[in-house]
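Here are my notes for your first look at this model. Please keep the structure open as you read.

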Amino acid sequence: MSSESIAPARAAHEKPLAAGLALATFGAIAFSGKAIIVKLAYRYGVDAVTLIMLRMLFALPLFVAMAWWAGRGKPPLTRRDWLGVLGLGFSGYYLASFLDFAGLAYITASLERLILYLNPTLVLLFGWIVYRRRITRWQVLGMAVSYTGVLLVFGHEVQLGQTAAAAWGTLLVFLSAVSYAVYLVASGEFVKRLGSLRLVGLATSVACLLCIAQFLVLRPVSGVFELAPQVIWLSVLNATLCTAVPVLSVMMAIERIGAPMAAQTGMVGPMSTILMGVVILGEPFTAWTAAGTVLVITGIFVFTRTGR
């Protein structure tokens, strides 16, 4: 092959790669912004039940449109499919989101993102429990390093005099990660049957309806009209830029560069959360936070690389 023909082929290969990396990076940063927006909204006296309802209310039309678009020309869902969508929507998006929002009221955005970043280790553990999938020594080492990093940051927040609050918030966010890991493990069969975009659209639509119903049961509707306008606008931003848009961005990235590389690019997520937490929220950035972040990212890198 001549050099004249190699150059266009290389350019054609590099173009989707660059686009995929850009989409994956944007998706990771946008997802990370969710914690920052939630912490900003809490400053206006709103609670988790109301805040997550607003996020899901504004996101619902986007996810319904996503499900409709992905389902065009596809066969209708069976009764088993609908039961699966209901269960996955409850675990992966309703329960996981609510626990995450609730936990953010007690811990920093940096610690929250580091805990959620442990998700691949939980997926592996559930895969071992349910399907008896093998776990390598390197994966165990990666898990140990990552959890040490989280404990380091958690210990620092406890030292700041937030012992009970930090413990409760950390537990809630960790349970959120567990709930989402259950969704990932259980969704494999339905992804093959329905497709990832259609499943995400349907499951998130279910979660939106559950969050809205939860609010109607637990809170008076009149309370929404008493909220600060900033809470409404932050919720709109959360529903679009930090929820629906990054879902599509990551999906498009996976199509171009594959899931493994997209996951590796997602490592910018914790760093972007910490940076935004320091700049926007004024959260402290200490040597403990830096060390814990390095340990978590290093551990997950070792974990994912050796798990292939």
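1. Start with Tyr 94. Tyr 94 is buried, because its relative accessible area is 12% and the cut-off for buried is under 20%. Keep in mind that this is a predicted model.

2. Next, look at the partner of Tyr 94. Phe 90 and Tyr 94 form an aromatic pair. Is Phe 90 buried or partly exposed? Phe 90 is partly exposed, with a relative accessible area of 40%.

3. Now move to Tyr 93 and Tyr 183. The centres of these two rings are 5.0 Å apart. Their planes stand at 65°, so the pair is edge-to-face; the cut-off for that class is over 60 degrees. Tyr 93 belongs to helix α3, while Tyr 183 belongs to helix α7 (residues 163-186). The pair therefore ties together parts that are 90 residues apart in sequence. Tyr 93 is buried at 14% relative accessible area. Tyr 183 is buried too, at 4%.

4. Look around that pair. Tyr 93, Tyr 180 and Tyr 183 are linked into a cluster by ring pairs. In total, the structure holds five aromatic pairs.

5. Another ring has a charged neighbour. Which residue lies over the face of Trp 69? Arg 72 does, at 3.6 Å from the ring centre.

6. Turn to Ser 249 in helix α10, which spans residues 229-257. Ser 249 is buried, with a relative accessible area of 4%. Where does its side chain reach? The side chain of Ser 249 comes to 2.6 Å from the backbone oxygen of Leu 23. Setting aside neighbours within four places in sequence, Ser 249 is in contact with Leu 23, Phe 26 and Gly 27.

7. Finish with Ala 48. Ala 48 lies in helix α2, which runs over residues 48-71. Ala 48 is buried, with 13% relative accessible area. Which residues does Ala 48 touch, not counting those up to four places away in sequence? They are Tyr 42, Phe 98, Phe 101 and Ala 102. Check one longer span as well. Ala 48 and Gln 214 are 166 residues apart along the chain, and their C-alpha atoms are separated by 11 Å.

Definitions and conventions: Residues are numbered from 1 along each chain as its sequence is written. This is a predicted model: local features need pLDDT of at least 70, side-chain atom pairs count only at pLDDT 80 or more; totals for chains, interfaces and linings use all residues. Side-chain values use heavy atoms; hydrogens and water are left out. Helices (H or I, at least four residues) and strands (E, at least two) are DSSP runs, numbered from the N terminus. Buried means under 20% relative accessible area, exposed over 50%, partly exposed in between (1.4 Å probe, protein chains only). Contact means heavy atoms within 4.5 Å. A polar contact is a pair of N or O atoms within 3.5 Å; within protein, one must be able to donate a hydrogen and the other to accept it, and residues adjacent in sequence count only if both atoms are side-chain atoms. Rings of Phe, Tyr and Trp (its six-membered ring) pair if their centres lie within 6.5 Å; planes under 30 degrees apart count as stacked, over 60 as edge-to-face and the rest as tilted. A charge sits over a ring if NZ of Lys or CZ of Arg is within 6 Å of the ring centre and within 35 degrees of the ring normal.
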